[in-house]
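Okay, thanks everyone, let's get going.

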Amino acid sequence: MDAGAPTAPGNPTPVEVDGVTITRVRTKPETAEPVRVEFEIANRGAEAMTYTVAFEVRSSSGEVLSYPEKVVEAVPAGSTVPDQAGVADPMAAGRAAQVQVAEVRSVPADEAPSKGGPCPPAGVRLYADEGDAAMGLRVVGLHLENCGTEVYRLDGYPRVQLVDEEHRDITGVRIRRGGAAIASGTGADTPPRPLALRPGERASTQLVWRNTVEAGDPVDAPYVRVWAKPGAAPVTVTPELDLGTTGELGVGAWQKPE
């Protein structure tokens, strides 16, 4: 075999994970070039979806080297599209022995969150941060930026709908206004007030919950649809809510940063 020819660590098998199949893994171990994975996404739904694919890269001894992600935007309904991603940095490339799909998340393309790039048609960007967790208490921030040309007005709380892994609405969870219903000092306790965001200005709020598990079946909601205000277009974020058996979620009011 040519020393410079691509090889496939782990020789991936065509196992589909939520519509994603790894078709080839390419690397040149002797040069420590980054491992690249080729994959396909099959969107069998009825609308275009934006996918976030998380990979797991392991060494021959089973050590996890990295959890890289690749976002693939607007895969058309009923289509299968190829893509590829660099999944290991040069330092880890020579040790990578196996690459697999760890997790797949997908949201409607016209509801995908946005941190940058072109301003969405609604004139605002909305996204969730990585959140914070301590002693079973979870807090995830929702952030909104007016990237349009007109003043964007907010007054009160965003509306939220919890969605499960199969993209079905979750019922039976109480949505509480303010974080104090869950825990104090989360930053989600400030009373609502009217806000007028000029172009370039931002606002934020928090989702607050506990993952306590007692009697009953725990509830996991990877997706949350968010309406910033009545009449706004929804945005679907992926905060991975692990609500346990608590049956409630606190939602703070929109606030401008101090």
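So, in what order do the strands of the open three-stranded sheet come? Keep in mind that this is a predicted model. The order is β13-β18-β19, and the pairing is antiparallel. At the edges you've got β13, residues 159–163, and β19, residues 235–237, each of them pairing on one side only. From one strand to the next, the twist averages 25°.

Let's zoom in on one of those pairs.

Okay, over to β16, residues 202–210. Seven of its nine residues are buried, so this strand is largely enclosed by the rest of the structure. Who does β16 pair with? One partner is β11, running antiparallel to β16 with nine bridges between them. In that pairing, histidine 143 has serine 204 of β16 as its bridge partner. Another is β21, residues 248–251, also antiparallel, with two bridges to β16. There, leucine 207 faces valine 251 of β21.

Last stop, glutamate 145, which belongs to β11, residues 137–146. Is glutamate 145 buried or exposed? Its relative accessibility is 13%, and the cut-off for buried is under 20%, so glutamate 145 counts as buried. What's around it, then? Skipping neighbours within four places in sequence, glutamate 145 contacts Gly123, Val124 and Arg125, plus Gly200, Glu201 and Arg202.

That's my tour, thanks.

Note on methods. Residues numbered from 1 in each chain as written. Predicted model: local features only at pLDDT ≥ 70, side-chain atom pairs only at ≥ 80, totals over all residues. Heavy atoms only, no water. Helix = DSSP H or I, 4+ residues; strand = E, 2+ residues; numbered from the N terminus. Buried < 20%, exposed > 50% of the residue type's maximum accessible area, 1.4 Å probe, protein only. Contact = heavy atoms within 4.5 Å. Pairing = 2+ DSSP bridges. Axes fitted to C-alpha atoms, helices over the stretch in contact; angles between N-to-C directions.
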